[in-house]
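Please open the model in your viewer and keep the selection panel at hand. The tour below goes from one selection to the next.

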Amino acid sequence: MDSREPVKMSRRKVIKMGVLGTAALSVGALGLTGIKSKTTSTVQAHEEGEQIGFLYDQTKCVGCRVCQAACKETNNWEEGVEWRRVLTSETRKNVFLSISCNHCENPACANVCPVGAYTKRTKDGIVIQNPDKCIGCKYCMYACPYQAPQFSDKTGRVSKCHFCYERQDRGELPACVENCPMGALKFGKISELRKTYGETAQVPGVPEPEITNPSWVIIPKE
Amino acid sequence: MHWHWLIIIYLFLGGLGAGAYLTSFAAEKGWLGKNSSLTRIGYYIAPFIVAIGTVLLVFDLGQGLRKPWLLIGLLSNPKSVMTWGVYILALFIVIGLIKAFLTFKNKTVPNIVTIAGAILALATGAYTGLLLAVVEAVPFWATGIMPILFVVSALSTGLSITSLLAMFIEKEKFTEGREGLAHIWLIAAELVIVAVFMGIMYFGVKGPVARESAELLVSGVYSLVFWGYFIGLGLVFPLLAFIFNQLKARKLSPAKKGHHSLLTIVSDISVIAGGFALRALIILAAIPVWESLTIY
């Protein structure tokens, strides 16, 4: 993409946010404090304004599954679903893959979902699925190449990783990233991750990234 | 995988109903010859068949019996093929009921209603295939051939169910036009499409995962259903039977042409059973690009 484009966009956004912010402040003055704080977080996030993604360093991962446990604890997984999984290589020793949702640039789940339960945030590209809208048709489970959306028989609906967006909005780290003892999981702007660590989004066994253009970078173990 | 019998029945009934409507539409337009008795029955059954399939689908949804009010959301994503389907099926059922009611009352039906119904019927048949064709993560489904295959199967099964019911309902009045030929052409076309589709999948044009799915049908767990039930009973047998009937009918005097044999009845049932087998095989043999989540 043209490098000038985002600058132009963001300038327009700044003005827009300013107007919105002023409006919200005046509403806030009327006593609706909730709206005010929401706007503040939008303004903060605007500074990012770019697709974020996970960085997974296969060379550092020891397969301890703390990321999984932290995710489960933080996000109260519904029975039978795993928002993050740690896969073990079939052929090599001590080779793992910690995977959740890749918040794809072209999320197939969002395209197929008939009830529009999926939204991709413009400010950071996080793909958020709202389980309260889900009717349990499971179409997204076929569409996603990474099996990120998962169905709970107990609740009859799908849910998936949302990159701890509420924590991020509060300025905290995603639970998996924060708790990984080896520093194998990180996150950041995908363009910068790719620049620094390469563009690997596939290791042997993983489907080709062309299907959905996933926002993750893997540092593969040789 | 995640979809099972209710989805299979839904896809099958969607096609069957759409095909039944189009059969009567074709008969009404005179495309099946002057003597066709199929001008009404297809209209009568079409909206009900599709409606039954749609109701069954509700039971398959995780929230169908828990929070059914969430289903209103089905209308909300214009990008989703499933949302398109909800609109298409709902409209088809409504238009189909109007058409059926007016036809039953022997009233003249506005041309616009009849044609809208036909377009929606075609859309219903195509939708059942398109629903699968857009799923790139299941390579066995991700081909433009899918909607074509499903439409042809819809027409074939629709013609069969309509003929079958017409035989029993119209009884002595039952006469045939060119239905026999229509049967032959549709089944032959379906055989060719299936051959192309399976060829593409089996020879790895769509990758190793699609090939794996194809192998399930050709030589794997579903091979008996595929070769015996679908290809043999559902396509080849009725094709030969209809050809046989056609040749025999030529020798008979025109007065006797209306006669329907046991062979025709069995063939029609075969075609319908084959159409069901097709939907079942396509759904059950689906393998996603990364099924077992293995890494090497």
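This is a predicted model: local features need pLDDT of at least 70, side-chain atom pairs count only at pLDDT 80 or more; totals for chains, interfaces and linings use all residues.

Residues are numbered from 1 along each chain as its sequence is written, chains are lettered from A and ligands numbered from 1 in the order in which they are written, and side-chain values use heavy atoms, with hydrogens and water left out.

Next, select the contact (heavy atoms within 4.5 Å), to which chain B brings 36 residues and chain A brings 45 residues. The buried area between these chains is about 3,200 Å², with carbon and sulfur atoms giving 61%; the term stands for the accessible area (1.4 Å probe) that two parts lose on being put together, summed over both. Now pick out B:W290, B:I295 and B:Y296, which supply 25% of the area that chain B buries against chain A, more than any other three residues.

Between chain B and chain A there are zero salt bridges, that is, pairs with a side-chain nitrogen of Lys or Arg within 4 Å of a carboxyl oxygen of Asp or Glu. Over all chains, however, the whole structure holds 12 salt bridges.

Finally, select A:R167 and A:E178, which form a salt bridge with their closest N and O atoms 3.4 Å apart. A:R167 lies in helix α6 (residues 165–169) and A:E178 in helix α7 (residues 175–179) of chain A, so the pair ties together parts that are 11 residues apart in sequence; helices here are DSSP runs (H or I, at least four residues), numbered from the N terminus.

Methods
Helices (H or I, at least four residues) and strands (E, at least two) are DSSP runs, numbered from the N terminus.
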